[in-house]
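Subject: Structure handover

Hello,

Here is the structure I said I would pass on. My notes on what was found in it follow below.

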Amino acid sequence: MTPLVRIQREDFDIGAEIAALTAGNPNIGAVVSFAGLCRDESGRLAALELEHYPGMAEAEIARVATEAAKRWPLAGLLAIHRYGLIKPGEQIVLVIAASSHRREAFEAADFLMDYLKTRAPFWKREHLADGTLGGWVEAKADDDDATQRWEQVS
């Protein structure tokens, strides 16, 4: 099973992505999906601008997705990450893991999402509701802690 990775400007349809990933595979007994959305930060944020290095972002996400596919017996794995200007309420990221059993799908999706939050080469800049340009968003310690738990589990 080769994981699918897409970096794209346009939005995605979760239902269509699940249908495409699971089509023709009657051995799939579990599908876990996670969609990350842009928050408005209590009305402070007008949009979040995401930048990336084309080629580098895909390669790093594919590397981590391949590691997930080695750790868990998956029937399918998909990661989509958007770039560009994302407004509050719009989707940013999608991870779908499919397997015969739920535990593997949950863990693989969680693993991949933790690494996307901390290691995927994306840069996020805030566009504020008052029309000014905010700063670059820093990584959060909670996200780093979540990722480190996978290093303790092999």
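**Overall picture**

Buried residues make up 39% of the 154 residues in the protein; buried means under 20% relative accessible area, exposed means over 50% and partly exposed lies in between, with a 1.4 Å probe and protein chains only. The model is predicted, so local features need pLDDT of at least 70 and side-chain atom pairs count only at pLDDT 80 or more, while totals for chains, interfaces and linings use all residues. Residues are numbered from 1 along each chain as its sequence is written, and side-chain values use heavy atoms, with hydrogens and water left out.

The protein has four helices and eight strands. Helices (H or I, at least four residues) and strands (E, at least two) are DSSP runs, numbered from the N terminus. In order from the N terminus, the elements read β-α-β-β-α-β-β-β-α-β-β-α. The C-alpha atoms fill a box of roughly 50 × 35 × 30 Å along the principal axes. Of the contacts with a separation of 6 or more, 78% are between residues 24 or more positions apart; contact means heavy atoms within 4.5 Å.

**Two sheets**

Strands of a sheet pair through backbone hydrogen bonds, either parallel or antiparallel. Here two strands are said to pair if DSSP finds at least two bridges between them.

Strand 1 and strand 4 are parallel and share five bridges; Q8 has R82 in strand 4 as its bridge partner.

H81 lies in strand 4. H81 counts as buried because its relative accessibility is 6%. Leaving out residues up to four places away in sequence, H81 touches R6, I7, Q8, L50, I92, V93 and F122.

The other four-strand open sheet runs 5-3-7-8, with antiparallel pairing. Strand 5 (84-86) and strand 8 (133-136) are at the edges with a single partner strand each, so one side of each has no neighbour in the sheet. The twist from one strand to the next averages 25°. Seven antiparallel bridges join strand 3 and strand 7, and A47 has H127 in strand 7 as its bridge partner.

A nonpolar core is a set of buried Ala, Val, Leu, Ile, Met, Phe, Trp, Tyr and Cys residues joined through side-chain atoms within 4.5 Å. Which residues touch the most other members of the largest nonpolar core? They are L112 and L116, in a core of 33 residues. Helix 3 gives the largest share of this core, eight residues. Beyond its neighbours within four places in sequence, L112 is in contact with V64, A65, L77, A79 and V95. The buried residues of helix 3 include E104, F111, L112, D114 and L116.

Regards

Terms used. Axes fitted to C-alpha atoms, helices over the stretch in contact; angles between N-to-C directions.
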